[in-house]
Amino acid sequence: MVNDKGKSSTGLDGNVAGLLSYALGLFTGILFLVLEKNSRFVKFHAMQSILISAVLIIINMILGFIPIIGWILGVFITPVIFILWLFLMYQAYQGKWFKLPIIGDVAEKQAGIMFK
């Protein structure tokens, strides 16, 4: 049986597992995606964490290759990324299915496919 936000198959509450999916980005996202068996909520947040982390890593790499302007943009984008990270963890802890544009739709679709 698939539950929504209740208990995770990891033994944690669903909202705590969702929050922890974002804690170390790509690493905890993959960990919770692999370990979670029951909660579509946790799978969604784990998948969204993986996708946003991958996108941000790619953007960071691209900016790192652009001399001066890329580095300056990187300095300004870093606090925005930190705030986004905190916001996503807060939303997951509140039990909300906050979807990022495009990435959230892909994560939701993948989480749904994993339980069909």
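Me: Before anything else, which residues count as nonpolar, which as charged and which as polar here?
Reply: Ala, Val, Leu, Ile, Met, Phe, Trp, Tyr, Cys and Pro count as nonpolar, Asp, Glu, Lys and Arg as charged, and the others, Gly among them, as polar.

Me: OK. By class, what does the lining of the largest pocket have?
Reply: The lining has 12 nonpolar residues, three polar ones and no charged ones. Keep in mind that this is a predicted model.

Me: What volume does that pocket have?
Reply: The volume of the largest pocket is about 260 Å³. Its lining is made up of 15 residues, and those closest to the centre are Gly25, Leu26, Ser53, Leu56 and Trp85.

Me: Which elements give two or more residues to that lining?
Reply: They are α1 (14-23), α2 (26-35), α3 and α4 (69-93).

Me: And which one gives the most?
Reply: α3 does, with five residues in the lining of the largest pocket.

Me: Let me step back. How many helices and strands does the chain come to?
Reply: There are five helices and zero strands. Read from the N terminus, the order of elements is α-α-α-α-α.

Me: What box do the C-alpha atoms fill?
Reply: Along the principal axes, the box is roughly 55 × 25 × 20 Å.

Me: Now helix packing. At what angle do α1 and α4 cross?
Reply: They cross at roughly 165 degrees, and their axes come within 7 Å. Because angles over 145 degrees count as roughly antiparallel, α1 is roughly antiparallel to α4.

Me: Is that crossing left-handed or right-handed?
Reply: The crossing of α1 and α4 is right-handed.

Me: Which residues make the contact?
Reply: From α1 there are Asn15, Val16, Gly18, Leu19, Tyr22 and Ala23, and from α4 there are Trp85, Leu88, Met89, Ala92 and Tyr93. By class, the contact of α1 with α4 has nine nonpolar residues, two polar and no charged. Trp85 of α4 in this contact is also one of the residues closest to the centre of the largest pocket.

Me: What about α3 and α5, at what angle do they cross?
Reply: Helix α3 (residues 40-65) and helix α5 (residues 103-113) cross at roughly 140 degrees, with axes that come within 8 Å. That angle makes α3 oblique to α5. The crossing of α3 and α5 is right-handed.

Me: Which residues meet there?
Reply: On the α3 side they include Arg40, Lys43, Phe44 and Met47, and on the α5 side Ile103, Gly104, Val106 and Glu108 are among them. The contact of α3 with α5 divides into nine nonpolar, four polar and three charged residues.

Terms used
Residues are numbered from 1 along each chain as its sequence is written. This is a predicted model: local features need pLDDT of at least 70, side-chain atom pairs count only at pLDDT 80 or more; totals for chains, interfaces and linings use all residues. Side-chain values use heavy atoms; hydrogens and water are left out. Axes are lines fitted to C-alpha atoms, for helices over the stretch in contact, and angles run from 0 to 180 degrees between N-to-C directions. Helices (H or I, at least four residues) and strands (E, at least two) are DSSP runs, numbered from the N terminus. Angles under 35 degrees count as roughly parallel, over 145 as roughly antiparallel, 65 to 115 as roughly perpendicular and the rest as oblique. A crossing is left-handed if the near helix is turned anticlockwise from the far one by less than a right angle, and right-handed if clockwise. Contact means heavy atoms within 4.5 Å. On a 1 Å grid over the protein atoms alone, a cavity is a set of points where a 1.4 Å probe fits but cannot get out, and a pocket is an open set with protein on both sides within 12 Å along at least five of seven lines; lining residues have an atom within 4 Å of a point. Grid points are joined across faces, edges and corners, and a volume is the space filled by probe spheres set on the points.
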